[in-house]
Amino acid sequence: MDVVTAIEGGLVVSCQAPEGHPLRDPRAIVLLARCAELGGAAGLRVNGPEDVRAVKAVTGLPLIGLAKVPRPHARPLITPSFALCEELVRAGADLVALEVTAEAEPSAGDLPGLVERVRRELGVPVMADVSTAEEGVRAWERGAALVSTTLSGYTPYTLASGPEPDLALVGELAALGIRMVAEGRLRTPEHVAEAFARGAWSVVIGGAITDPLAITRHLTAATPAGSRR
Ligand SMILES: CC(=O)N[C@H](C=O)[C@@H](O)[C@H](O)[C@H](O)COP(=O)(O)O
């Protein structure tokens, strides 16, 4: 079965940990991936060729690879070059996630063109991480197999969108026939059900599953001791 079909109607778990996080170790990412697989995940989303290679060695689940490129005083860009896509595929990614945003385009170049090129030259489907409907439509028209709401709330022109996932964007683009992935700030079964009710192809969840540091902080803040800190 192809990777896009394999994740239809399922949960993809994003197993990532940034520099400085206690789980920033490929061995820890592998353990998170194994938990996700045992828990019934339909796929995995993994950052960087090193982690992709490590996870690929222990699971048969469809593997979405991305490569975050850090920037000073700004969020990292998601896979902003063909060379990074090539590395991810060499490491075992079945599908490449790359951003198609107006924010990245001035430095990264023609991102819808990159979608097309990756599909044609590397022979893998592309998940376009976008922040607006316009970006989603541009990516879809140039051959993205999936469009994900990953960056809604993270580009300067969408920062006002708040703590909830942008499920309205899922619904808006799914209504146009675009294969949509709901990603970013999903935390509850209700978020998951709502995403599918609005036409999502699949959902991606990261921190709510794979970041015990953030979950602990969130819960300690509700304790008397935590709120005194
Ligand atoms: C904005 C950005 O760079 N998002 C990244 C994309 O890969 C990851 O840091 C997120 O964890 C992932 O999108 C899942 O989202 P959440 O962790 O909210 O469930």
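Eight strands form a closed barrel in the order β1-β2-β3-β6-β7-β8-β9-β10, with parallel pairing. On average, neighbouring strands of this sheet are turned by 25° against each other when direction is ignored. Helices (H or I, at least four residues) and strands (E, at least two) are DSSP runs numbered from the N terminus, and two strands pair if DSSP finds at least two bridges between them. The structure is a predicted model, in which local features need pLDDT of at least 70, side-chain atom pairs count only at pLDDT 80 or more, and totals for chains, interfaces and linings use all residues. Residues are numbered from 1 along each chain as its sequence is written.

The confidence of the prediction is expressed by pLDDT, the predictor's confidence in each residue on a scale from 0 to 100. The protein chain has an average pLDDT of 97, and 100% of the residues score at least 70. For the complex, the predictor gives an ipTM of 0.99 and a pTM of 0.97.

Strand β10 takes part in two parallel pairings. Strand β9 (residues 180-183) is joined to β10 by three bridges; within this pairing V181 stands opposite S202, and A182 has V203 as its bridge partner. Three bridges also join β1 to β10, again in the parallel sense, with V12 standing opposite V204. Both faces of β10 are covered, since S202 and V204 on one side and V203 and I205 on the other are all buried (20 or more other C-beta atoms within 10 Å of a residue's own; exposed means 12 or fewer, partly exposed in between, with C-beta atoms placed from the backbone). I205, a residue of β10, counts as buried because 25 C-beta neighbours lie inside 10 Å. Not counting residues up to four places away in sequence, I205 touches L11, V13, S14 and L186, where contact requires C-beta atoms, placed from the backbone, to lie within 7 Å. By contrast, a separation of 17 Å lies between the C-alpha atoms of I205 and H218, which are 13 residues apart along the chain.

R185 is found in the loop between β9 and α9 (189-197). The phi of R185 is near 70°, a positive value in a residue other than glycine, and R185 is buried because 21 other C-beta atoms lie within 10 Å.

Helix α4 (residues 82-91) lies across β3 (63-66) and β6 (95-99), running at about 155° to β6. Such angles run from 0 to 180 degrees between N-to-C directions, and the axes are lines fitted to C-alpha atoms, for helices over the stretch in contact. In α4, the residues L84, C85, E87, L88, V89 and A91 are buried, and their cover includes α3, β3, β6 and α6 (111-122). After α4 comes G92, with a positive phi near 120°. R53, in helix α3 (residues 49-56), is in contact with A91 and G92 when neighbours within four places in sequence are left aside. R53 and R90 are 37 residues apart in sequence and 8.7 Å apart in space, C-alpha to C-alpha. R53 is classed as partly exposed because 18 other C-beta atoms lie within 10 Å.

Strands β4 (residues 68-71) and β5 (residues 74-78) pair in the antiparallel sense over three bridges, and R71 stands opposite A74. These two strands form a hairpin with two residues between them, and H73 in the turn has a positive phi of about 55°. T79 lies in the loop between β5 and α4. Its phi is near 50°, a positive value in a residue other than glycine, and T79 counts as buried because 30 C-beta neighbours lie inside 10 Å.

Technical notes:
Contact = placed C-beta atoms within 7 Å.
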